[in-house]
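Keep the model open while reading this report.

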Amino acid sequence: MTPLSSPNTLVTSLKGGLIVSCQARDDSPMCATTTIVALARSAQLGGADALRIDGADNIAAAAEAVTIPIIGINKALVNDTTLITPDLDVLAALVDAGASLLAFELTTRAYPDPGAYRRALATISHRSGLLSVPLIADISTVSEATDAANSGCDLVATTLSGYTRPSQSRTLPDLGLVEELAAKGLKVVAEGGYSRPDQALEAIKRGAWAVCVGTAITDPISITRDFAAAMHCSTAPPMHTTSP
C-alpha cells in the first residue's frame, strides 16, 4: 500500500473507524499466510478502515493485497505467556515489511520488573522520534496508558484489559476504561471482547478514537463454537413454522 503523507494524517484517518484483526492461532487451519491475506482482503471489502496483522511475513503479503493501513505486531511466547511485540528491536523490520502503524504491549505483565518497565518506556520514547509511523501501546490500566502517552505513543489500545493481574476483575468489553481514557484526552482504540456492532458503536459514543474487532469477524472456530454451544445447551423446544 502507499503510505499516507504523515503519521498525524494516518492517525486522523482512523478516527471513528473500524480496525479488523486478521490473525489465527498456530494450531488453527486459518494460520496460513494465504488465509490471512484472504481475511485482510475480505475485511477491506467489508469496509474496514485498517487491519491488525501479526508477523513480518503476513504483513508483507497483506500489504501487497490491500490498500488500507496495516497495524503490525509480532507476538512471541515468553514464559508460557503470549506477549504482543515484546522485542522492541523488531519494530523497524515490521515497518520494512509494510506496516503503517506499530503496536506493542506496555503492561506490567510484559515487564514485571520495575526497572525493565522503565527501560521499555525509555526505549519507546527514544524510538518514537526515529520511527516514521504512529505507535500504539496495548495496555490494561489507566496508569499504563498514561505512561504510554507520556512516552510518545500516538494511541493506546485497551487490548489487554482483563488479561493482566491489575485488570483481571474488569468486564469485557471494557467500555468503562475507554471512557476514562478518553476523558483524559487520550486517543483510544477500543479492543478486547467486542463481539457485536452495537458494542463498537457504544465505544465510539464513549470517546473511542477507533474500534478493533478480531475474533467476532475473523475466527470461524470461535464463531461456530458460540452457535453450537447455544444450540446444544438450549432446553427450549424447536420452533415450528408453516413454511420450509
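## One face of helix H3

Helix H3 spans residues 56–63, and its buried residues are Asn58, Ile59, Ala62 and Ala63. This is a predicted model. In an α-helix, residues three or four places apart point the same way, because each turn takes 3.6 residues.

What do the buried residues of H3 pack against? Their partners are helix H2 (33–46), strand E2, strand E3 (70–73) and helix H4 (91–97).

## The largest pocket

E2 (50–54) turns up again here: this strand supplies at least two residues of the lining of the largest pocket. The volume of this pocket is about 1,500 Å³. Its lining is made up of 43 residues, and Gln23, Arg25, Lys75, Thr215 and Asp219 are the closest to the centre.

Strands E4 (75–78), E5 (81–84) and E10 (210–213) also give at least two lining residues each. So do helices H9 (215–218) and H10 (220–233). Which element gives the most? H10 does, with seven residues. By type, the lining holds 19 nonpolar, 13 polar and eleven charged residues.

## Val178 in helix H7

Val178 sits in helix H7, which runs over residues 175–183. Is Val178 buried or exposed? Val178 is buried, with a relative accessible area of 0%.

Leaving aside residues up to four places away in sequence, Val178 touches Thr158, Val188, Ala190, Tyr194, Ala203, Arg206 and Ala208. Between Val178 and Leu14 there are 164 residues in sequence, and their C-alpha atoms are 16 Å apart in space.

## Cysteines without a bond

How many disulfides does the structure hold? The count is zero. A disulfide needs two cysteine sulfur atoms within 2.5 Å. For Cys22, the closest cysteine sulfur is that of Cys212, at 9.0 Å, so the two are too far apart for a bond. Cys153 is in no disulfide either, and its nearest cysteine sulfur, again in Cys212, is 16 Å away.

Both Cys22 and Cys153 are buried. The table puts the values side by side.

| Cysteine | Nearest cysteine sulfur | Sulfur distance | Relative accessible area |
|---|---|---|---|
| Cys22 | Cys212 | 9.0 Å | 1% |
| Cys153 | Cys212 | 16 Å | 9% |

Conventions. Residues numbered from 1 in each chain as written. Predicted model: local features only at pLDDT ≥ 70, side-chain atom pairs only at ≥ 80, totals over all residues. Heavy atoms only, no water. Buried < 20%, exposed > 50% of the residue type's maximum accessible area, 1.4 Å probe, protein only. 1 Å grid on protein atoms, 1.4 Å probe; cavity = no way out; pocket = protein on both sides within 12 Å on 5 of 7 lines; lining within 4 Å. Points joined across faces, edges and corners; volume = space filled by probe spheres on them. Helix = DSSP H or I, 4+ residues; strand = E, 2+ residues; numbered from the N terminus. Nonpolar A, V, L, I, M, F, W, Y, C, P; charged D, E, K, R; others polar. Contact = heavy atoms within 4.5 Å.
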